[in-house]
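Before you look at the model, prepare to read it one feature at a time.

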Amino acid sequence: MKEQLVTANVLVIHHSRKGTLHALATAAAEGARAAGATVRLRRIDAPGEPPPTKDDLLWADGIVWGSPTFYGNVSAPVKQFIDSTSDLWRARLLADKVVTGMTSSTSLNGGQEATLLGLYRSMYHWGAAVMSADSTMPLWAETGANPYGVSVCANGGDLPSAVRDAAAHTGARITRLAHLVRTGEPAPSAKIVVICQDGRPALRALAAAVASGARETGAAVRLRQITPATTDVPVVTPADVSWADGLAWGMPATTGSLPAMTAGFVETVQDTGADFLGRTVTAFGTTSNAHAGGESTLLAAYTAMHAWDCLIVAPGYTDPVVTAAGGNPYGTLSHDRNGPPLRTVLAAARHQGRRLALLTSRVRGGMLTVTSPRVPARVPAEHAPSRDFSS
Ligand SMILES: Cc1cc2nc3c(=O)[nH]c(=O)nc-3n(C[C@H](O)[C@H](O)[C@H](O)COP(=O)(O)O)c2cc1C
């Protein structure tokens, strides 16, 4: 691939009482700078240090959040800052920012994963694109292998070097991804597979609408089903996943988690040696009732896809059609499994497919193939990542 100058505005926002997050944030800022970003490092609730402002948010193409784990969630100062952005959110000025998170906790299993996933719930409302951690990163296992973002069990700024390097790598990675999202030429040939779990009419109708939205952008689209419910739609294979740059998952909400057939297909892909690595991902579904687990199901799909370093592209409130369809920022839901989806819901599904395809076309291939100097420099050569942003 042709070398290109990487330019992106990267904002690193953090809250830190004892210094852990400050050390992580500083490393992420260094990594971003080394990768070509213009960086603003901002600290919440620390007299004498510049706090983040709304102007910083508007300026940023990519945002790295750093929050300590407080009771399994982001800290109140971080949440307070997020909660101050409703005017920008309402004006859709936070859409398409690339975001990721870092955290620390005192206990080994004291809520780091929950904290990052909670942060991302808010980011989906913004319409941000959520960047997973990079499992192809050097010394990945030594960092604890948290697929949702860099995290550490610590209570102060003395970080293990693998974790510090991982934070720097995160800064570099978001720089490249934010650069692609900002400057990437929409490529008409983005490849999208819409995977519909079964043949239920409502789910099928949504899948067709997602597929047609993606096609409107010029993307090549395959509509597939997991169970061979009907003969008109081919059954999905691992080869479809290998072919695709972006995936749209359609599933019924059964228990508020990933339904068994979809989980089974994910495992099949893994067993055949194929993977979902670096894809852009969105999810939609059906429920019987408005609050019967639909949101949880979509979030579970995103949780699963983080394990493959995916870029999560939930619809957010990026178009009025989302609000008209019930205002679900995580993905389109139809509340009648058997009846046809409402027109408003189909419009939201089309928008979701269009948005997935557009963002996919910007980053297409970039998740795996963009080359640039490795960060940080002190990573031993034998740990060179095989498939990531910086390899
Ligand atoms: C209000 C509060 C709640 C906390 N909740 C948790 C928790 O749920 N799990 C945990 O392991 N540590 C918890 N901690 C410890 C912090 O996560 C830890 O001090 C922090 O990660 C250190 O980050 P810092 O050095 O950047 O301040 C909590 C600390 C405070 C003050």
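This is a predicted model: local features need pLDDT of at least 70, side-chain atom pairs count only at pLDDT 80 or more; totals for chains, interfaces and linings use all residues.

**Reading the model**

Q: Is Trp-89 buried, exposed or partly exposed?

A: Trp-89 is partly exposed, because its relative accessible area is 27%. Residues are numbered from 1 along each chain as its sequence is written, and side-chain values use heavy atoms, with hydrogens and water left out.

Q: How many aromatic pairs are there?

A: Rings of Phe, Tyr and Trp (its six-membered ring) pair if their centres lie within 6.5 Å, and the pair is stacked when the planes are under 30 degrees apart, edge-to-face when over 60 and tilted otherwise. By this rule there are 8 aromatic pairs. One of them joins Trp-89 and Tyr-317 edge-to-face, with 5.3 Å from centre to centre and 80° between the planes. Trp-89 belongs to helix H4 (residues 86-90) and Tyr-317 to the loop between strand E11 (311-312) and helix H11 (320-324), so this pair ties together parts that are 228 residues apart in sequence. In Tyr-124 and Tyr-330 the ring centres are 6.3 Å apart and the planes meet at 80°, and therefore this pair, too, is edge-to-face. It links distant parts of the chain, since Tyr-124 is in helix H5 (residues 112-126) and Tyr-330 is in the loop between H11 and strand E12 (333-334), 206 residues away. Both Tyr-124 and Tyr-330 are buried. As for the labels, helices (H or I, at least four residues) and strands (E, at least two) are DSSP runs, numbered from the N terminus.

Q: Which residues do ring pairs link into a cluster?

A: Ring pairs can chain together, and here they link Trp-249, Phe-265, Phe-276 and Trp-308 into a cluster.

Q: Which residue lies over the face of Trp-59?

A: A charge sits over a ring if NZ of Lys or CZ of Arg is within 6 Å of the ring centre and within 35 degrees of the ring normal. Arg-40 lies over the face of Trp-59, at 4.1 Å from the ring centre, and Arg-222 lies over the face of Trp-243, at 4.0 Å.

Q: How many residues surround the ligand?

A: A residue is counted if one of its heavy atoms lies within 4 Å of the molecule. By that count 18 residues surround the ligand, and the closest are Ser-16, Thr-20, Thr-69, Ser-104 and Gly-110. A polar side-chain atom of Ser-16 is 2.6 Å from an oxygen atom of the ligand, a backbone N or O atom of Lys-18 is 2.7 Å from an oxygen atom of the ligand, and a polar side-chain atom of Asn-155 is 2.8 Å from an oxygen atom of the ligand. The elements that give two or more residues to the shell around the ligand are helix H1 (20-34) and strand E4 (98-105).

Q: Where is Ser-16 found?

A: Ser-16 is found in the loop between strand E1 (9-15) and H1, and it is buried because its relative accessible area is 8%. The side chain of Ser-16 also reaches the backbone nitrogen of Gly-19 at 3.0 Å.

Q: Which side chains does a polar contact of 2.8 Å join?

A: A polar contact is a pair of N or O atoms within 3.5 Å; within protein, one must be able to donate a hydrogen and the other to accept it, and residues adjacent in sequence count only if both atoms are side-chain atoms. The contact of 2.8 Å joins the side chains of Asp-134 and His-169, and another, of 2.6 Å, joins those of Asp-134 and Thr-136. Asp-134 lies in the loop between E5 and strand E6 (149-153) and is buried, with a relative accessible area of 3%.

Q: Which residues does Val-130 touch?

A: Contact means heavy atoms within 4.5 Å. Not counting residues up to four places away in sequence, Val-130 touches Val-99, Tyr-120, Met-123, Tyr-124, His-306, Cys-310, Leu-311 and Ile-312. Val-130 lies in strand E5 (residues 129-131), and it counts as buried because its relative accessibility is 0%.

How values were computed
Buried means under 20% relative accessible area, exposed over 50%, partly exposed in between (1.4 Å probe, protein chains only).
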